[in-house]
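Subject: Structure handover

Hello,

Please find the structure below.

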Amino acid sequence: LFSFEQVAPHIQKLYVYDILKKHQIEFDQCLLVDWDTFPMPDAKNIFEYTSGNFSICLDYGWATSIIKSIDFMSQFFDHKNVTWDNYFNSGFFVFNKDHEHIFSECIDVCLKHKDTQKQYPELFHGDQTVLNYVVHKETSTTILPRSFMVHDYFLDIFLRNYTDHNGIYVDSQSYMTSINFVHMTRDNNFRNGLVDLMADRF
């Protein structure tokens, strides 16, 4: 849509309605995921879990970073509806036709404060904290099961068979089939290796 110098890639995804309209794509619900999100072969139909709402997965990342971003971004909004308890990851969510105004407002905020974003990128936190503030102001949400976004740093327990400290044998295959999507957060070498491993296993 734009050069990266004009609009950062993670902000460009907020133009998803423009993309859908341009290509004349009709939809009832749409799942938007980041490029580093990996669907498992037996992933459940996520649209059966949304109850027709804007549907989210809570962010299980670093609490300190999340809380700092929430506090910093509060200066741009007139409500305090975003907390660590309801903060979601913007790399995985479901929306429908009623939510177009949410993306428009997010774009306005991001473009209005793009200089602040460049100066304090870790506190601005890309599109994520802005989206949290707008969504929690504008609409009700459905929190999706944890299995729809398992961060890769939880995967150690899923990638090998072992006996835990209680003497219980852990079968990695049975655990892997309980995961719907994996959200990768580390460097590209790790991500590529993990994709190869999953493709080989499944």
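Helices (H or I, at least four residues) and strands (E, at least two) are DSSP runs, numbered from the N terminus. The model is predicted, so local features need pLDDT of at least 70 and side-chain atom pairs pLDDT 80 or more, while totals for chains, interfaces and linings use all residues. Residues are numbered from 1 along each chain as its sequence is written, and side-chain values use heavy atoms, without hydrogens and water.

Pockets first. A pocket is an open set of points on a 1 Å grid over the protein atoms alone, where a 1.4 Å probe fits, with protein on both sides within 12 Å along at least five of seven lines; lining residues have an atom within 4 Å of a point.

The largest pocket has 25 lining residues, and Asp34, Asp36, Asn89, Gln128 and His183 lie nearest its centre. Helix H1 (9–12), strand S1 (29–33), helix H3 (63–73) and strand S4 (88–96) each give two or more residues to this lining.

The second largest pocket is lined by 12 residues, with Gln6, Ala8, Lys114, Gln117 and Lys118 nearest its centre. H1, helix H4 (100–112) and helix H5 (114–119) each supply at least two lining residues there, and H5 has the largest share, three residues.

Now the helix pair. The axes (lines fitted to C-alpha atoms over the stretch in contact, with angles from 0 to 180 degrees between N-to-C directions) of H3 and helix H7 (residues 128–138) come within 10 Å and cross at roughly 65 degrees. Ser69, Ile70 and Met73 of H3 make the contact with Thr129, Val130 and Tyr133 of H7, where contact means heavy atoms within 4.5 Å.

Regards
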